[in-house]
Amino acid sequence: MADLEDRGALPLGSVMPEGTRFIGPVGLAANWRPGDAPSDDDLATCVACGLCLPHCPTYRLTGEESASPRGRIAAMRAVADGRANVDATFARFMDLCLECRACEDVCPSHVPFGRMMERARVQIEPLRTRRARFLRWLGLSVALRRRWMLSLARRFMPLARPFLPKRVRTLVPRGSPGRRVPRALEPDGPAKGTVAILTGCVQDQWYRSQNRATVRVLARNGWRVIAPRRQVCCGALQAHNGRLKTARKLARRNLAAFRDADWVVVAAAGCGAHLKDYGDLLGGEEVTAFPARVRDLMEFLEEQGVEPPTHGPAGEGPIRVAYHDACHALRAQRIREQPRAVLRRIPDVEIVEIRDGDRCCGAAGLYNVLEPEMSDRLMEQKAASIAETDATIVASANPGCTMQIAAGLRNAGRRLEVLHPVELLDRAYAAADANAHGRGSILE
């Protein structure tokens, strides 16, 4: 971890007692808006009990207080009290956080650490170099907001791949994503209601098979499915990386796009968690009511019921499926048993648990690109734990996790298919249709 000190930060083991000032390069104090800083009320919720420490991935790997939630909150308090500056040291403490929210899951005081981290990162944005700020603006505030730019990037990816850093080449999926989902699809029989799906930005460009499977499964189970073209990126990546103003703009556009749906169903765990936080992000009565209509896809299927498939997804013989719990499903949305319950309804599917399966895989939005050293260590741990299961398929309900896990398994020489759990259900329906009627499913 020596490179951390090279970037102008104190050693990660530095203790932060009351009265300590953070030492950083002169002139790096940030010009940030106090309204986007962690609030005094949020800071006051932490009693520094330390129960979060063994659950924090960065603390577990380093053993250093400054790499723990308690240490980061101490840094936020020091800045809020005027005992420290927003400087390179403070920025390093915040940047190393995965925002996996494992700490929130075990906190007896219910500290809203995810919200605090988002606001702390707003504070540190002005400290970044002009080049870093430009690239973040281009990616987060320009490209992700415009579907055509992402589509263009994906189309040129085969040409650009040889020139990309090896790490990025390993992460970005190969092949064509296929067709986008239709604007609307009616069920075969009477509709139970209207479900709008968030097609996403990364998911829409590189994992469209998951969106198509989502539409087919929902329609088969009696729902009218719409994919509003006015929708935009959910804003999670922007919020997690210090661009709350952009995140709020995107949230308002999505509120308008999804206004007419009974439910808003999201197949990506990170996106779903963020949509459920729109009330906190924007405030207001209308916005506060919106999260009640948002459901994770697997949560929705378990809640509303699914038609049990009559065949397994492989067509013949049982398959072992290792289920990966995405942090923003398990921690932020408290979703664990629902996807497993749905998968257990599929014949010939054996669900196996991953050792330390509740630990972050190291993807964490842009973390696997911005913090490669820490991310790689977590990725290797996750790949090794998956390999121990002798599974042939990994079920992952978040595109970032899917990229990270697939890359980790390839690096380890393991050839396992990484699928969204809804794709297994969709394959089982297709196998049943082919066997019973000799026909394929819709939207093939």
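Me: Two strands pair if DSSP finds at least two bridges between them. In this predicted model, which residue of S3 is the bridge partner of Leu185?

Reply: Strand S1 covers residues 184-185, and two bridges join S1 to strand S3, residues 224-226. The two strands run antiparallel. Within S3, Leu185 has as its bridge partner Val225.

Me: Which are the edge strands of the open sheet?

Reply: Five strands make up the sheet, and their pairing is mixed. Their order is S1-S3-S2-S4-S5. Pairing on one side only marks the edge strands, which are S1 (184-185) and S5 (294-296).

Me: At about what angle does helix H12 run to S2?

Reply: Helix H12 spans residues 208-220 and lies across S1, S2, S3 and S4. Helix H18, residues 297-304, also packs on the sheet, where it touches S2, S4 and S5. The direction of H18 makes about 95° with that of S5, whereas H12 runs to S2 at about 170°.

Me: Which helix supplies the largest share of the lining of the second largest pocket?

Reply: This pocket has a volume of about 500 Å³. Of its 24 lining residues, the closest to the centre are Pro173, Ala406, Arg410, Leu416 and Val418. H12, helix H23 (399-411) and strand S9 (417-419) each supply at least two lining residues. The largest share, five residues, comes from H23.

Me: What is the mean pLDDT of the protein chain?

Reply: Over residues 1-32 pLDDT stays under 50, and over residues 440-444 pLDDT likewise stays under 50. In the chain, 90% of the residues reach 70 or more. The mean pLDDT is 88.

Definitions and conventions
Residues numbered from 1 in each chain as written. Predicted model: local features only at pLDDT ≥ 70, side-chain atom pairs only at ≥ 80, totals over all residues. Heavy atoms only, no water. Helix = DSSP H or I, 4+ residues; strand = E, 2+ residues; numbered from the N terminus. Contact = heavy atoms within 4.5 Å. Axes fitted to C-alpha atoms, helices over the stretch in contact; angles between N-to-C directions. pLDDT = per-residue confidence, 0-100. 1 Å grid on protein atoms, 1.4 Å probe; cavity = no way out; pocket = protein on both sides within 12 Å on 5 of 7 lines; lining within 4 Å. Points joined across faces, edges and corners; volume = space filled by probe spheres on them.
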